Amino acid sequence: MSAPPQRVTIKDVAALAGVSKGAVSLAFNGRPGLSVSTRDRIFQAARELGWTPDVRARSLSSGTEVDTIGLAICRPARLLGLEPFYMEFISGVESVLVERSCSLLLHLVRDVDEEIALQQRWWRGRQIAGSILVDFRANDPRVPALRAAGLPAVAVGHPSLTGGFTSVWTDDATAATEAVRYLAALGHRRIARVGGPTGLGHSAIRAKAFAEATRDLGLADDLQIATGYEGEEGARATRSLLLMTDRPTAILYDNDIMAVAGAAVAAELGVSVPGDLSLLAWDDSQLCRLTHPPLSAMSHDVHGFGADVARTLFAVIAGEEPASHQVATPSLTPRGSTAPPPRQDRGTR
């Protein structure tokens, strides 16, 4: 593997702008002593080189050590604010950062190319000590780009997706299989899954496990619909499933937002939960406990997951080479939304 490219420094910016390093420092710290044209020339040089001031160095010079961790998420802002998983995950990360007097630099991106450029800019400009990488895809282009840049990072995802980055992950395949087996044990023979985007690695892992579990148990044909995690899409998928001639008697959702939306659609169509339809959510949260009936869920400690990821990243930054590891597998928490199907829909037991 080729050596990581050299970081752009203040010296490079000064050379391109034809000024001293002190002048660059004055410009970026908003100090007097430079003409407008000189400041503009310095800022233009910095933009061309993709350089930004080293936040850590600036804080050290003032006597206060502050480190910053990066996290970029490809989600619309309105969806992120509604998604309990990321709120809990970020809360867990922050619980570790607070202990170390560190900060989280959170940015929402539109696509993976924008994230690559952002992460490279953060790292070249020494704005971050390292990053948490999420939502991996098969052959994820972030892997070669950010490894080549030398970015210290922890990947949230199965090692088969993360290309050698230190990884922390949950066993989604085992959890999906457990969910199907539980619903089948209740007597359901036609089980559907409303999943996340097919391009996301963890969605693909769950989809494969779901298909294998339904096949191994001799259930009805693999019935899955991919969505974008939003409540509206979960509602749309649920409506299409419930309007089928041979509709499912149980639905597994990839997050709690879609499951709550699905429960609302069932009520709209006069389908009783759990009398006619069982619903099972992923990512247990307060939302699941506030619905009527409360939603059964595949529960895991998302806050603890985030804290574990943050601690692992600090070990990576310190050069300790921590091992990739799996956290606790999501486990079934039965509540009022799951029950045996109507008698005429039960399979031979």
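Is serine 278 buried or exposed?

1. Serine 278 is buried, at a relative accessible area of 0% (buried means under 20% relative accessible area, exposed over 50% and partly exposed in between, with a 1.4 Å probe and protein chains only). Its place is in strand S9, residues 278-282; helices (H or I, at least four residues) and strands (E, at least two) are DSSP runs numbered from the N terminus. Not counting residues up to four places away in sequence, serine 278 touches Leu183, His188, Thr249, Ala250, Ile251, Ser337, Thr338 and Ala339, where contact means heavy atoms within 4.5 Å.

2. Basis of the model. This is a predicted model, in which local features need pLDDT of at least 70 and side-chain atom pairs count only at pLDDT 80 or more, while totals for chains, interfaces and linings use all residues. Residues are numbered from 1 along each chain as its sequence is written, and side-chain values use heavy atoms, with hydrogens and water left out.

3. Helices H1 (residues 10-17) and H2 (residues 21-28) pack at about 100°, their axes 8 Å apart. Axes are lines fitted to C-alpha atoms, for helices over the stretch in contact, and angles run from 0 to 180 degrees between N-to-C directions. H1 and H2 are therefore roughly perpendicular to each other (angles of 65 to 115 degrees; under 35 is roughly parallel, over 145 roughly antiparallel, and the rest oblique). On the H1 side the contact involves Ile10, Lys11, Val13 and Ala14, and on the H2 side Lys21, Val24 and Ser25.

4. Valine 19 lies in the loop between H1 and H2. Leaving aside neighbours within four places in sequence, valine 19 is in contact with Ala14, Val24, Thr38, Arg41 and Ile42. From valine 19 to proline 293 the C-alpha to C-alpha separation is 68 Å, with the two 274 residues apart in sequence.

5. Helix H6 (residues 84-99) has 16 residues and reaches 23 Å from its first C-alpha to its last, close to the 22 Å expected at 1.5 Å a residue; the expected span is 1.5 Å times one less than the number of residues. Its buried residues are Pro84, Phe85, Tyr86, Phe89, Ile90, Gly92, Val93, Val96 and Leu97. Just after H6, serine 101 takes a positive phi of about 55°.

6. Helices H12 (residues 231-242) and H13 (residues 256-268) pack at about 45°, with axes 8 Å apart. That angle makes H12 oblique to H13. Their contact is made by Gly231, Gly234, Ala235, Thr238, Arg239 and Leu242 of H12 and by Ile257, Met258, Ala261, Gly262, Val265, Ala266 and Glu268 of H13.
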